[in-house]
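Thank you for making time this morning.

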Amino acid sequence: MATTPSMEDYIERIYLLIEDKGYARVSDIAEALEVHPSSVTKMVQKLDKDKYLVYEKYRGFTLTPKGNKLGKRLVYRHELLEQFLNVIGVDKENIYVDVEGIEHHLSWNAIDRIGDLCQFFEEDKNRINELRQIQQKNESENEQS
């Protein structure tokens with residue numbers, strides 16, 4: 001079964017919490033995603049049914065290898081999109097919200113191509129400088145019109 005954006009948000013958050021603290025609790029996820037604990041419990045049960053995690057009532061849960069692999073990939077996607085938006089000059093205060101808005105709407109093929117583009121810019125910093133010059137030129141032209 002394909003994951004939904006909501007499932008991906010939960011798996012990504014659970015993965016990050018386990019990486020950071022060694023465990024993830026319903027209350028931690030609810031706080032991080034700004035949802036009610038009952039919503040977390042429902043989603044955790046669904047993720048358990050779909051074999052992304054193992055849930056034991058009152059004992060917590062752990063990611064399965066399938067869930068761990070997807071969590072790692074989702075975190076990579078998020079970080080790559082932040083890097084991409086930074087490289088192309090998006091204002092820092094907009095990056096997180098923009099990534100949250102687009103990350104579920106791109107194919108993995110598109111993510112891979114964005115990775116290639118980031119690599120292209122990072123391998124030669126002159127390319128970033130050239131992009132910044134184009135952006136400054138366009139902004140000054142926009143201000144004059």
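This is a predicted model: local features need pLDDT of at least 70, side-chain atom pairs count only at pLDDT 80 or more; totals for chains, interfaces and linings use all residues.

Turning to the fold, the secondary structure consists of seven helices and two strands, and, read from the N terminus, the elements follow the order α-α-α-β-β-α-α-α-α. The radius of gyration is 19 Å, well over the 15 Å that the globule rule gives for 145 residues, so the protein is more spread out than a compact globule. Along the principal axes, the C-alpha trace spans about 60 × 30 × 30 Å.

As for the surface, the accessible area comes to about 9,500 Å², with 50% of it belonging to carbon and sulfur atoms, while buried residues make up 32% of the 145 residues. Among contacts with a separation of 6 or more, 55% are between residues 24 or more positions apart.

Now to the backbone. Most residues other than glycine have a negative phi. Glu34, however, has a positive phi, near 55°; this residue sits in the loop between helix 2 (26-33) and helix 3 (37-49). Is Glu34 buried or exposed? Glu34 is exposed, with a relative accessible area of 74%.

Lys51 also has a positive phi, in this case near 70°, and its place is in the loop that runs between helix 3 and strand 1 (53-56). With a relative accessible area of 57%, Lys51 is likewise exposed.

Key: Residues are numbered from 1 along each chain as its sequence is written. Side-chain values use heavy atoms; hydrogens and water are left out. Helices (H or I, at least four residues) and strands (E, at least two) are DSSP runs, numbered from the N terminus. The radius of gyration is taken over C-alpha atoms; the globule rule is 2.2 Å times the number of residues to the power 0.38. Buried means under 20% relative accessible area, exposed over 50%, partly exposed in between (1.4 Å probe, protein chains only). Contact means heavy atoms within 4.5 Å. Accessible areas come from the Shrake-Rupley method with a 1.4 Å probe; for residues, only the protein chains shown count as cover.
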